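Thanks for coming, everyone. Please take a moment to look at the sequence and the structure before I walk you through them.

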Amino acid sequence: MNYIYDLHRTMMSQNLILVFQGDFTQETTKSILTMAERNLDSSGEESTIKRKVFNVMVEALQNIVKHSDELVDGEKHSHAAIFLIGRETNRYSIMSGNPIRKTNIAGLQKKLDQINTLDKEGLKELYKGIIKNTTISDKGGAGLGFVDMARKSGAKLEFSFPEMNAEYCFFCLKVNVPRESEN
Amino acid sequence: MYRVKVKINVEQFYTDTIMEILNLEGAEDTPKIILDKKNGIFEISGRSLPEDSAEFYRPVLEWIGSYAKEANGSTEFVFKLEYFNTASSKLILDVLSALEDIQGMKIMWYYHEDDEDMEEAGQEFSELVEIPFEFKTY
């Protein structure tokens, strides 16, 4: 039973204010958003920061909903994913983790690396370029989520792909939203 | 059978004078939408993060398609969004593109006075379509 205490201590030491693990749907997304909003409201967070956190959360959660289950050999597999929010004195961290097939890593990594090379103006141009030419995918995405997270947070996207097994890695993403307003 | 036939004929008869009002109640993940030609109210407000944005905006795009054929002399189309996700932003651009060819169209883009991101989003949309935008805070 001690793992309960261990988990609690980890959450405290990592400053995590919310952790959710399981299957992600639009319904869980809405519940998590409501919980996080209440938390930010009750802590009296500035509305500009609150909006940015909310924004990054939605994109991260909807990414998980859209990509954490997939068809393998004609069968639908759902993979448990994890979502976390941390609050430190100078920033919020929105974190997610979900399994990704190894064959899909190169493409995703290239996209994230490209985003991380761009400054504010570059991200804006990339966003406008994509929105003009994109069509909504069969998964319901516009291909703008990561670009938007980078724009709203104003920070580099942190990510890693620790190995799960022969076929899968775990895609870990961390987006930091500074608590001091810009300018 | 007979009654159905009559109903269709009546609708066809009035089609260029009466347009149905599109009225969608807002929810925690979908915006409130009122499109009312007769009273000149065209407004999308609230939060937009539906699970399936293309499906959600389909009736809006269809309504605008019909309106384009018999639009009022001038139209002020109001966007008063608190938040929208990226999938919705693509559909908002589709809505704006559908409005682009309507004569006398003007976009009223509202944003909360301390919401720079929403202001910037409006400016970007205004650069992507050929419609006059007016910016207002609330």
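Let me begin with a question: which residue in β4(B) is the bridge partner of B:I44? As you look, please keep in mind that this is a predicted model. The answer is B:F79, which is the bridge partner of B:I44 in that strand. If we step back from that one pair, strand β3 of chain B, residues 41-48, and β4(B) run in the parallel sense and pair over six bridges. Strand β4 of chain B covers residues 75-84, and because seven of its ten residues are buried, the strand is largely enclosed by the rest of the structure.

Now let us turn to where the two chains meet. Chain A brings 33 residues to the contact, and chain B brings 26 residues. Between them, chain A and chain B bury about 2,400 Å², with 49% of that area on carbon and sulfur atoms. On the side of chain A, A:Q26, A:R51 and A:I131 supply 22% of the area it buries against chain B, which is more than any other three residues.

What about the polar side of this interface? The rule finds nine salt bridges across it, and one of the salt bridges in this model joins the side chains of B:E120 and A:R151, at 3.3 Å from N to O. The count of residue pairs in polar contact between chain A and chain B is 16, with both residues at pLDDT 80 or more.

Finally, which helix of chain A gives the most to the side that touches chain B? That is α3(A), with eleven residues. By class, that side of chain A has nine nonpolar, eleven polar and 13 charged residues.

Notes: Residues are numbered from 1 along each chain as its sequence is written. Chains are lettered from A and ligands numbered from 1 in the order in which they are written. This is a predicted model: local features need pLDDT of at least 70, side-chain atom pairs count only at pLDDT 80 or more; totals for chains, interfaces and linings use all residues. Side-chain values use heavy atoms; hydrogens and water are left out. Contact means heavy atoms within 4.5 Å. Buried area is the accessible area (1.4 Å probe) that two parts lose on being put together, summed over both. A salt bridge is a side-chain nitrogen of Lys or Arg within 4 Å of a carboxyl oxygen of Asp or Glu. A polar contact is a pair of N or O atoms within 3.5 Å; within protein, one must be able to donate a hydrogen and the other to accept it, and residues adjacent in sequence count only if both atoms are side-chain atoms. Helices (H or I, at least four residues) and strands (E, at least two) are DSSP runs, numbered from the N terminus. Ala, Val, Leu, Ile, Met, Phe, Trp, Tyr, Cys and Pro count as nonpolar, Asp, Glu, Lys and Arg as charged, and the others, Gly among them, as polar. Buried means under 20% relative accessible area, exposed over 50%, partly exposed in between (1.4 Å probe, protein chains only). Two strands pair if DSSP finds at least two bridges between them.
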